[in-house]
Amino acid sequence: MIFGGFSRSAVQFLGDLADKNERRWFEANRDVYEAEILGPGRAFVEALRPGLAALDPAIGVDPRVGRSIFRMNRDLRFSKDKRPYKEELAFRFLSSSEAHAASGLYMRIRPDLVGVAVGVWAFPPAAQRVFREAAADARRGKELAALMGGMKVNGCQFTAESLRRVPKPWPADHPHGDLLRLKGLVVGMDFPLPPELHSRAFVEWSLDQWERIRPIHAWLAD
């Protein structure tokens with residue numbers, strides 16, 4: 001299938017799912033999901049492959065659900081929210097060699113917005129140690145702080161859980177204490193649905209948005 005954009009029917013499906021988030025409705029509309037969401041979603045992933053390789057050769061691309069395409073089913077085992085489905089079409093592109101240890105590229109399409117992001121939601125233990133050593137370094141920590149400051153000025157949002165205190169062995173007044181307390185680091189931007197969403201131009205649009213926040217991805221991957 002050649003990617004030609006996501007249809008207005010796809011956006012409508014996501015909007016309806018937000019209002020009627022139940023298995024009976026989803027199964028009754030599975031043909032719409034497969035034709036307007038899943039099929040174009042797989043084609044979108046494949047269409048991104050050359051551009052992502054240019055952006056970062058280590059990024060893996062796999063159009064299967066559960067790989068580059070997030071499952072729409074929510075994990076309800078430990079959640080008080082029992083809605084069975086995510087109300088968005090979401091994608092992730094991770095390092096093909098280190099899985100969740102290195103920075104990834106993310107996108108979500110909702111009825112009213114498109115979000116793009118890069119980073120690591122939660123550092124695995126080994127990656128956490130490496131990140132802290134780099135963040136504590138005078139040069140590299142200063143570099144990351146400057147990147148984050150510049151992106152905040154340009155409207156980017158940072159999402160990460162933090163420790164309450166600077167971890168040992170670093171002092172509580174370390175100049176990069178805010179960085180050392182981070183458990184993960186994700187930077188992203190949300191946009192109103194762009195007109196490019198409905199055409200092949202959405203591939204280039206997406207790559208352009210990732211390129212804007214790629215410096216954080218590159219710092220983390222390095």
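This is a guided tour of a predicted model, one selection at a time.

Residues are numbered from 1 along each chain as its sequence is written, and side-chain values use heavy atoms, with hydrogens and water left out. Because the model is predicted, local features need pLDDT of at least 70 and side-chain atom pairs count only at pLDDT 80 or more, while totals for chains, interfaces and linings use all residues.

**Stop 1: helix α5**

Select residues 138–153, which form helix α5. Helices (H or I, at least four residues) and strands (E, at least two) are DSSP runs, numbered from the N terminus. Helix α5 has 16 residues and reaches 23 Å from its first C-alpha to its last, close to the expected 22 Å at 1.5 Å a residue. The expected span is 1.5 Å times one less than the number of residues.

Now colour Gly141, Leu144, Met148 and Met151, the buried residues of α5. Buried means under 20% relative accessible area, exposed over 50% and partly exposed in between (1.4 Å probe, protein chains only). Where do the buried residues fall when seen down the axis of α5? They fall within an arc of 95 degrees, so they line one face of the helix. The arc is taken from the directions from the helix axis to the C-beta atoms. An α-helix has 3.6 residues a turn, so residues three or four places apart point the same way.

On the other side of α5, select Ala138, Arg139, Lys142, Ala146 and Val153, which are exposed. The cover over the buried residues of α5 includes α4, β4 (157–159), α6 (177–180), β5 (185–192) and α7 (201–221).

Go to the N-terminal end of α5, which is capped by aspartate 137. A side-chain oxygen of aspartate 137 lies 3.1 Å from the backbone nitrogen of arginine 139. Such a polar contact is a pair of N or O atoms within 3.5 Å; within protein, one must be able to donate a hydrogen and the other to accept it, and residues adjacent in sequence count only if both atoms are side-chain atoms. Just after α5, glycine 155 takes a positive phi of about 95 degrees.

**Stop 2: alanine 136**

Step back to alanine 136 in helix α4 (residues 125–136). Is alanine 136 buried or exposed? Alanine 136 is buried, because its relative accessible area is 17%. Leaving aside neighbours within four places in sequence, alanine 136 is in contact with Trp170, His174, His176 and Leu180. Contact means heavy atoms within 4.5 Å.

**Stop 3: aromatic rings**

Show the side chains of Phe, Tyr and Trp. The structure holds 17 aromatic pairs. Rings of Phe, Tyr and Trp (its six-membered ring) pair if their centres lie within 6.5 Å; planes under 30 degrees apart count as stacked, over 60 as edge-to-face and the rest as tilted.

Select phenylalanine 13 and tyrosine 33: the ring centres are 6.2 Å apart and the planes are at 35 degrees, so the pair is tilted. Phenylalanine 13 is in helix α1 (residues 8–19) and tyrosine 33 in helix α3, 20 residues apart. Phenylalanine 13 and tyrosine 33 are buried.

Next, select phenylalanine 131 and tryptophan 219, with ring centres 5.9 Å apart and planes at 75 degrees, so this pair is edge-to-face. Phenylalanine 131 lies in helix α4 and tryptophan 219 in helix α7, so the pair ties together parts 88 residues apart in sequence.

Then select Phe3, Phe6, Phe44, Phe91, Phe191, Phe202 and Trp205, which form one aromatic cluster.

**Stop 4: serine 206**

Serine 206 is found in helix α7. Serine 206 counts as buried because its relative accessibility is 0%. A polar atom of its side chain lies 2.7 Å from the backbone oxygen of phenylalanine 202. Not counting residues up to four places away in sequence, serine 206 touches Phe44, Leu48 and Met107.

**Stop 5: two loops**

Select glutamate 88, in the loop between α3 (30–55) and β1 (89–93). A polar contact of 2.9 Å joins the side chains of glutamate 88 and arginine 110.

Finish at proline 169, in the loop between β4 and α6. A cis peptide bond joins lysine 168 and proline 169, with omega about 10 degrees.
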